[in-house]
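Q: Hi, I'm new to this one. Can you put it up and walk me through it?
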Amino acid sequence: MSFPKGFYWGGATAANQYEGGWNEGGRGLAMTDVTTGGTKDTPRYVTYRNADGSAGKYTMFGGKLPEGASYAVLDDYYYPNHIGTDFYHHYKEDIALFAEMGFKMFRMSISWPRIFPHGNDEKPNQEGLDFYRNVFEELHKYGIEPLVTISHYDDPLYIEEHLGGWQNPDTIGLYEKYCHAIFEEYKDLVKYWLTFNEINSLIMIAAFMPNAPKELLQSSYIKLHNQFVASAKVVKYAHEKYPQFEMGCMIAGMISYPLTCDPKDVLANQQRMQDLFYYCGDVMVRGYYPGYAKKTWKKLGLDASFFEKDAEILKEGHVDFFSYSYYATSCETTHKDSARDGAGNLSMGYQNSYIKYSEWGWGMDADGLRFSLNEIYDRYQVPVMVVENGLGAIDKFEDCKIHDPYRIEYMKAHVKAMEEALDDGVNLIAYTPWGCIDLVSAGTGEMRKRYGFIYVDMDDEGNGTLDRYRKDSFYWYQKCIQSNGTDLD
Ligand code: BG6
């Protein structure tokens, strides 16, 4: 079996990391606009001003704005997401390059503060609406289907700072208003929608910080529930008003194995997968909380009635397809003397001696893609999209050429794994590798961690021409698409 006719080959990006134009066209601020760059070993910081005018910062993961302080862009720091790699001014050139590679689908996100600068504005920002209309029209010119993430890590900062963010159930109504506006505006241009990027990232804190304070864990589950409700409400609305839409969830692929065949490890891993991965898919695809959720709420001291009160809404708003990001796998064990791998996409796990690790310590495992595709399809029986995958690596730019055999090798193995999964019977319909053009890393804020088939001349300090260059992998992926996944050499 090979890739079916009409398979959506493409690439994926997100506005906060790619678009730039942070203070143009009437756009408001997002949290990523007050987040500095970092590295693999040094954290990204969120910056603010205290009431007395003094500057302050806290680490992106786990920190909090002090009482009386306000988020602020400070002169002494560089904020890589402000420019991204400037899709805002390069979209025509970039889309032409995607078309040259043969893309059938392009995943991008709409920046909510570009449409509603504060989130609670009365009317949408016309310049913002026009920008995305131009982009979608440009994509259609080349027969490329947009796949739009409605919220990808850049909700309006105003909501976070003044309205309590997703902790406050009123944010659900603001999100609905935003969705209604973009659905109506782009109903003839966009068919495929993802309500939230990596919705399970909200509860990843449980894996990142095993000793996280209970209140932090509790609030994460409350925020996630509010996002489930928001998603279900707009999915229901879309189904009723725009029957041509296909609505999907997007979950971070927290795929792990038991480190040993000790049954205790098998059980520990089952729980990890339930807590970090299936918890979200179960609600969003099946439309109700799974049985094991009660145990989690009890463990955290959360009142089950809070989650159960919205059962009807969740049931009515389950999605049409499942999408996830897949980069790496990890292991779980009860033998705590084993080595932690300390990395992976959004998670920490234990090291697997059978796989290789990337420069950023992510466990490269193409078989895990086949494994997860089978698990997901068996469980949900809806079409599946792999909407992020790829290798973050340092590329050498010499004589306007970029030779990236490591990326080609990674991609080739993952395309083969998808082909095997199709052969296993999985209804896989799309593949949009991450950062198809170089963009800012979400985790570290670096530019040097590149995923693209297209190189962008920009460094970690914001120096560069922003010129675009085709890497070797560009031609490889072009051939892969042209042959519908049969010519991978
Ligand atoms: C996913 C996100 O977590 O992984 C992307 O949806 C992110 O926004 C991607 O960029 C890769 O992670 P990183 O940290 O290498 O950019």
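A: One term before we start: two strands pair if DSSP finds at least two bridges between them. Strands (E, at least two residues) and helices (H or I, at least four) are DSSP runs, numbered from the N terminus.

Q: Fine. And what kind of model is this?
A: This is a predicted model, where local features need pLDDT of at least 70, side-chain atom pairs count only at pLDDT 80 or more, and totals for chains, interfaces and linings use all residues. Residues are numbered from 1 along each chain as its sequence is written, and side-chain values use heavy atoms, with hydrogens and water left out.

Q: How do β7 and β8 pair, parallel or antiparallel?
A: Parallel, over three bridges. Strand β7 covers residues 192-194 and strand β8 covers 246-252. Trp193 stands opposite Met247 in β8.

Q: What runs β1-β5-β6-β7-β8-β10-β14-β15?
A: A closed barrel of eight strands, with parallel pairing. Its neighbouring strands are turned by 30 degrees against each other on average, direction ignored. Axes here are lines fitted to C-alpha atoms, for helices over the stretch in contact, and angles run from 0 to 180 degrees between N-to-C directions.

Q: Which strands does helix α14 touch?
A: Helix α14 (residues 405-424) packs on the sheet and touches β1 (8-12), β14 (384-388) and β15 (428-431). Contact means heavy atoms within 4.5 Å. The direction of α14 makes about 165 degrees with that of β15.

Q: What is the bridge partner of Tyr8 in β15?
A: Ala430. Two bridges join β1 to β15, and they run parallel. Ala430 in β15 is also the bridge partner of Met385. β14 and β15 pair in the parallel sense over three bridges.

Q: New topic, the ligand. Which residues come nearest?
A: Of the 15 residues around the ligand, Glu198, Glu388, Ala442, Lys449 and Tyr451. A residue counts as near if one of its heavy atoms lies within 4 Å.

Q: What order does the open sheet of three strands have?
A: The order is β3-β2-β4, with antiparallel pairing. The edge strands are β3 (55-59) and β4 (70-71), each pairing on one side only. Two bridges join β2 (residues 45-49) to β4. Arg49 has Ser70 in β4 as its bridge partner.
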